[in-house]
Amino acid sequence: MYDPLPPGPRAPGLLQALRWSTRALPFMERCQRRFGDLFTLRNFRGDPIVFVHHPEGIREVMTADAESLRVSNLLLEPALGSNSLLLLNGARHRRERRLMSPPFHGQRMRLYAGLIHEVTKRALERATAGGRRELGLHPVFRDVSLDVILRAVLGVPDARLAEAAEILREATDSFTTPLVFIPPLQRDLGPASPGRRFQRARRRVRTFLEGQIEARREATGEHHDILSLLIAARDEHGEAMTTEEIRDELMTLTVAGHETTATALAWAVHWVHRAPGVLPRLRAELDALGPEPDPEAYARAPYLAAVCDETMRRMPVVPNVGRYAKRSFTLMGRRLPPGTAIAPCIYLTHLRPDIYPEPREFRPERFLERSFSPFEYLPFGGGARRCLGAAFALFEMRIALGVLLRRYHVETLDARTVPVRRTIVHAPRRETPARVRARA
Ligand code: HEM
């Protein structure tokens, strides 16, 4: 009564999972060439995962109701907490998402333009202080995105920023080592174990976040950070979010919003300096904004926007998302049994020549020439679970990239394109080493 699973490589699950963990993108591309629109890979336990990249299949998954398809991000639970939006399904997901959406509406982004501009300028000045010319741009972007999140989301004041950044950096690092995604290794197995580091970092960050929530609940006066909006939010029954719910959501916003945006920025610098003709056109647009552009002018510049869009097409930092069928699910005419894991593959959709001619070319103009449907272009996922921070991330990318290239000459020092996997994101192999010099 069910159809057979789509074809896939014959290699044992363990081998497939190893290839998937170490060389995920070339491996998926080979499968796409060999098996077409749908194929099945195996995880470490040998369980099948059906990969889909045809826009019609993507549409079916992204528009499915929550009773048919659920998220399968359970590996993230120990790090983010069980109340994280990324882990919730059905009615709870809808409630929490409604409560969390207002702070992320497009029009609120204008509030953050000055902040992003200032933080980027300062981070670049710090990184190049004392005439330093060679630096890793990815760590600079990581500092920028963390600083922006800490201020915009948590409202951390200047005096406590360094301490907060250190706590959050330790947590993100300990949560994103691959070992921690093997549940037994999350336990404290002694002083040198990753589990000890993980548990300690989690305790520390939870205490810090709960302290922030308490302090904000007691504070008087006006605050514009996202935490204040979450505290004030009420659902349709007039109920507020609990401290644990807010804590897990703050953790989610910090982890989901910081490394992703920094990595997308690192890829943007990489591609802008590799693809012929892109940098001169971008520079001309940025220079035309005048000597001291208004931060929002960066966010409105059309070619800069197209460069950011094309960056996330060519190298989406989250190359696929995960769902599983709660009841039988028909995917591109194939009836799959309950329990089937399904992976809409953003990376492969973005490389389809029937949507993007010469898909390996980095050509921002394609975004000025036509628009793409949400099932053809989906760096932020789609449907009811589309990234909550998409507008925020795009705004930050445009301003931070604009400030860097408006103020500095950049020469990238590593041309390799195949990324490394850092648990959820696929990042440039090294830290985007570059030689930078202030422009006159
Ligand atoms: C370039 C940067 C980013 C990329 C590529 C990205 C990508 C994604 C993707 C693909 C999803 C969908 C996951 C799924 O379907 O299971 C997602 C969800 C989410 N993202 Fe982002 N993200 C970025 C930045 C941000 C930022 C800045 C924030 C917040 C400050 C954020 C918060 C979230 C949240 C809360 C969800 C869960 C939404 C839900 O399940 O309803 N992300 N993101």
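This is a predicted model: local features need pLDDT of at least 70, side-chain atom pairs count only at pLDDT 80 or more; totals for chains, interfaces and linings use all residues.
**Sheets, helix packing and the iron site**

T432 counts as buried, because its relative accessibility is 8%, below the 20% limit used for that label. Leaving aside neighbours within four places in sequence, T432 is in contact with L135, G136, L137, H138, A266 and V269.

β4, β12 and β9 form an open sheet of three strands in the order β4-β12-β9, and their pairing is antiparallel. β4 (134–136) and β9 (408–412) are the edge strands, each of them pairing on one side only. On average, and with direction ignored, neighbouring strands of this sheet are turned by 40° against each other. Three bridges link β4 to β12 (residues 433–438) in the antiparallel sense. Within this pairing, G136 has P433 of β12 as its bridge partner. G136 is also among the residues that T432 contacts.

Helix α7 (residues 137–152) lies across β4, β9 and β12, and runs at about 55° to β4. A helix partner for α7 is found in α6 (residues 110–127): the two pack at an angle of about 145°, and their axes are 9 Å apart. The crossing in which α6 passes α7 is right-handed. On the α6 side, the contact is made by Y112, L115, I116, V119, T120, R122, A123, L124 and A127, which meet V140, V144, D147, V148, R151 and A152 of α7. By residue type, this contact divides into 11 nonpolar residues, one polar and three charged.

A second open sheet contains five strands, in the order β1-β2-β8-β5-β3, and here the pairing is mixed. Its edge strands are β1 (38–42) and β3 (69–71), each pairing on one side only. Strands β5 (residues 323–325) and β8 (residues 341–344) run antiparallel and are joined by two bridges. In this pair, R323 stands opposite I342 in β8. Helix α3 (residues 55–62) lies across β2 (48–52), β3, β5 and β8, and its direction makes an angle of about 120° with β8.

Turning to the helical part of the chain, A171 lies in helix α8 (residues 158–175). A171 counts as buried because its relative accessibility is 0%. Apart from neighbours within four places in sequence, A171 is in contact with A201, V205 and M251. Although A171 and R203 are 32 residues apart along the chain, their C-alpha atoms are separated by 9.3 Å.

The iron atom of the ligand has C387 as its only protein donor, through the SG atom at 2.3 Å. C387 lies in the loop between α16 (366–369) and α17 (390–407).

Definitions and conventions: Residues are numbered from 1 along each chain as its sequence is written. Side-chain values use heavy atoms; hydrogens and water are left out. Two strands pair if DSSP finds at least two bridges between them. Helices (H or I, at least four residues) and strands (E, at least two) are DSSP runs, numbered from the N terminus. Axes are lines fitted to C-alpha atoms, for helices over the stretch in contact, and angles run from 0 to 180 degrees between N-to-C directions. Contact means heavy atoms within 4.5 Å. Donors are N, O and S atoms within 2.8 Å of the metal (3.2 Å for Na, K and Ca); water is not among the atoms, so sites may look incomplete. A crossing is left-handed if the near helix is turned anticlockwise from the far one by less than a right angle, and right-handed if clockwise. Ala, Val, Leu, Ile, Met, Phe, Trp, Tyr, Cys and Pro count as nonpolar, Asp, Glu, Lys and Arg as charged, and the others, Gly among them, as polar. Buried means under 20% relative accessible area, exposed over 50%, partly exposed in between (1.4 Å probe, protein chains only).
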